[in-house]
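Hello,

Here is the structure I promised to pass on. Have a look, and my notes follow below.

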Amino acid sequence: MLHSYCNSEFFPSHASDPPGTAKPSVTSVDIDRSFLYLLVMSDGVYKSIEAAVDEAQTIGANQVLANMVHKHAQMQGAEFRSIAQSTLDEVVHLHEEAFQRSAQQDVRSPKATACHKRDDMTLIVSQITDTCR
């Protein structure tokens, strides 16, 4: 059975099933004065931190990333593009370093396998101002 979208200019006429759609997970969080930044990231950032940073296993990848962003914000000032880029540069460096260390010992080790390649990474950093608190 062909569906009505099959005749659309955006979908090939031979399509037999509807296109896949994402079902987002939406969560709300009450913001208080302890929130400094809003971080929007691709899963590549999260997975790279999980694979490369041992501390992520104890405090979590989100906390590791928050610590990195805070450190770079203190060094960079309020230029959020620079904060995001320098944070991603650090993640890439840690990921590559973890692979090199692990591969020297055993190229088939779990960490070497996890750090053999990494996904694309996107990070958006926004400061939560006093008016939002």
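Let me start with S48, which is buried at a relative accessible area of 3% (buried means under 20%, exposed over 50%, partly exposed in between, with a 1.4 Å probe and protein chains only). S48 sits in helix 1, residues 43–52 (helices are DSSP runs of H or I with at least four residues, strands runs of E with at least two, numbered from the N terminus). Apart from neighbours within four places in sequence, S48 contacts V91, H95, R118 and M121, contact being heavy atoms within 4.5 Å.

A word on the source: this is a predicted model, where local features need pLDDT of at least 70, side-chain atom pairs count only at pLDDT 80 or more, and totals for chains, interfaces and linings use all residues. Residues are numbered from 1 along each chain as its sequence is written, and side-chain values use heavy atoms, leaving out hydrogens and water.

Now the salt bridges (a side-chain nitrogen of Lys or Arg within 4 Å of a carboxyl oxygen of Asp or Glu): the whole structure has two. D43 pairs with K47, with the closest N and O atoms 3.2 Å apart; both residues are in helix 1, four residues apart, about one turn of the helix. D43 is partly exposed at 41%, and K47 is partly exposed at 47%. The other joins K71 and E90, with the closest N and O atoms 2.9 Å apart. This pair links distant parts of the chain, K71 in helix 3 and E90 in helix 4, 19 residues apart.

Best wishes
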